[in-house]
Amino acid sequence: MTRLQIHVAAVLVTTAFSVSASAQLVHQYTFHGTGTVVTDSVGTVNGVLLGGSTLDGTGRLELDGNDYVEFPAGFLGSQASGTFEAWYTWTDVSVPNWPRIMDFGNSSAGAGAQGSGLTYLALTPKSVDSGTPTAAVRLMSTGSSTKALAASPAQLGVETHIALSLDATAGAIKLYIDGVLQQETSISLDLTSLVDENNWLGRSQFQGDPGFEGSLTEFRVYADVLSEAEVAASFAEGPVPTFVGQTYCSPSVTNSTGAGAKIFGIGSPAATENSLVLGARDLPRFSFSFFIVSSTQGLVNQPAGSAGVLCLGGAIGRYVGPGQIQQSNLAGEIELALDLTQIPQPNGFVAALPGDTWNYQAWYRDSSPSGPTSNFTDGLSVTFN
Ligand SMILES: [Ca+2]
Ligand SMILES: [Ca+2]
């Protein structure tokens with residue numbers, strides 16, 4: 001399988017995905033699914049989403065400043081060392097000090113409540129110490145915290161990888177940003193000294209700290225210390241992809257497989273990142289297929305003798321350039337990495353701009369008892385930012 005197919009498979013079946021077979025990944029939260037249960041796709045420790053936010057099926061968790069994820073007390077068990085990594089996007093334009101990406105520990109106010117932090121293992125996009133992303137670790141309730149500071153301020157609105165390792169044997173914490181080691185700081189105690197009573201994403205043990213405003217794409221916990229190379233590889237491989245856009249015109253008309261074919265988008269809705277991949281599944285095996293696109297939605301039943309429904313209107317472009325018409329694979333899937341600067345339209349190519357909405361479908365060949373026919377997936381509407 002290609003890397004994309006592995007990613008897509010991981011998304012579709014919500015299985016674990018990790019770059020390093022040797023690293024002991026013990027918990028992984030990709031934020032796929034819907035509702036308020038944050039599912040552990042490797043271990044069995046689910047979290048619950050509090051504060052009003054709900055998972056929306058995209059694989060990206062939006063936090064509005066008072067939303068947070070709570071994991072059960074005793075999360076870390078007897079683990080002495082470990083690595084914690086997250087992909088986060090911070091969007092708080094007031095750029096306050098000390099919002100938390102994660103904060104595992106306990107507070108003076110007890111279970112479930114913010115007070116004064118007693119012990120904690122925390123990651124923030126900005127500390128007062130440096131104005132940069134910071135790991136702050138305090139493993140006993142007296143004395144000061146141990147910190148590892150990033151070299152540069154967080155970039156607002158940019159997805160960032162942050163990782164913290166605590167090595168009990170070496171007696172050190174390390175902070176990484178986007179796969180690059182920022183600072184190593186000595187520490188004397190290990191994770192068994194942490195009182196992991198309040199284990200939160202997006203919320204601080206301290207009453208006075210701001211909530212986290214932005215989004216989380218993935219959070220992972222390892223039972224061992226990732227090497228610098230492993231952290232760099234994890235950053236390079238990236239999180240399990242996020243679904244992009246909203247499907248509509250669903251379900252599609254059933255085809256010869258007995259199911260209706262489905263379209264999906266993965267990657268980023270940021271026009272400037274130009275990293276949207278379209279996929280279609282539940283196609284007949286080895287059928288010719290291509291994607292179509294329009295800025296307008298429509299609803300035309302059985303156009304030109306097709307068995308399906310055309311869910312686009314207005315000017316409709318077709319992805320039929322070199323390499324774009326495809327034959328579905330054994331699993332009945334196709335995928336196409338789009339060039340958002342080259343959206344085909346009847347009068348030439350146009351570029352996707354922030355604020356634009358484009359609608360997609362896939363058309364495909366199929367067979368029926370009465371002979372060859374064609375069909376369509378459901379529709380996907382993507383608003384770019
Ligand atoms: Ca995710
Ligand atoms: Ca809220």
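## Close-up views of a predicted model

View 1. Strand β20 is joined by six bridges to strand β21 (residues 276-281), and the two run antiparallel. Within this pairing, lysine 262 has arginine 281 of β21 standing opposite.

**View 2. Two domains of the protein.** The protein is divided into domain 1, which spans residues 22-237, and domain 2, which spans residues 243-383. Taken over C-alpha atoms, the centres of domain 1 and domain 2 are separated by 38 Å. Both domains take part in the lining of the largest pocket, with at least three residues drawn from each of domain 1 and domain 2.

**View 3. The largest pocket and its lining.** The largest pocket holds about 950 Å³ of space, and its lining is made up of 43 residues, of which Arg60, Glu159, Thr242, Gly267 and Ser268 lie nearest the centre. By residue class, the lining of this pocket divides into 15 nonpolar, 20 polar and eight charged residues. At least two lining residues come from each of the helices α1 (3-13) and α2 (228-237), and at least two likewise from each of the strands β8 (82-90), β13 (160-167), β17 (213-222), β18 (243-244), β20 (262-267) and β32 (379-383).

**View 4. The calcium ion (ligand 1) and its donors.** Thr30 (O), Gly59 (O) and Thr217 (O) coordinate the calcium ion (ligand 1) at 2.2 to 2.3 Å, and along the chain these donors follow the spacing T-x28-G-x157-T. Distant parts of the chain are linked by the pair of glycine 59, in the loop between β5 (55-56) and β6 (61-64), and threonine 217, in strand β17, which are 158 residues apart. Glycine 59 counts as buried because its relative accessibility is 0%, and threonine 217 counts as buried because its relative accessibility is 1%, the cut-off for buried being under 20% relative accessible area. Strand β17, where threonine 217 lies, is also one of the elements that supply at least two residues of the lining of the largest pocket.

Key:
Residues numbered from 1 in each chain as written. Chains lettered and ligands numbered in written order. Predicted model: local features only at pLDDT ≥ 70, side-chain atom pairs only at ≥ 80, totals over all residues. Heavy atoms only, no water. 1 Å grid on protein atoms, 1.4 Å probe; cavity = no way out; pocket = protein on both sides within 12 Å on 5 of 7 lines; lining within 4 Å. Points joined across faces, edges and corners; volume = space filled by probe spheres on them. Helix = DSSP H or I, 4+ residues; strand = E, 2+ residues; numbered from the N terminus. Nonpolar A, V, L, I, M, F, W, Y, C, P; charged D, E, K, R; others polar. Domains from an automatic or database assignment. Donors = N, O, S within 2.8 Å, 3.2 Å for Na, K, Ca; no water. Buried < 20%, exposed > 50% of the residue type's maximum accessible area, 1.4 Å probe, protein only. Pairing = 2+ DSSP bridges.
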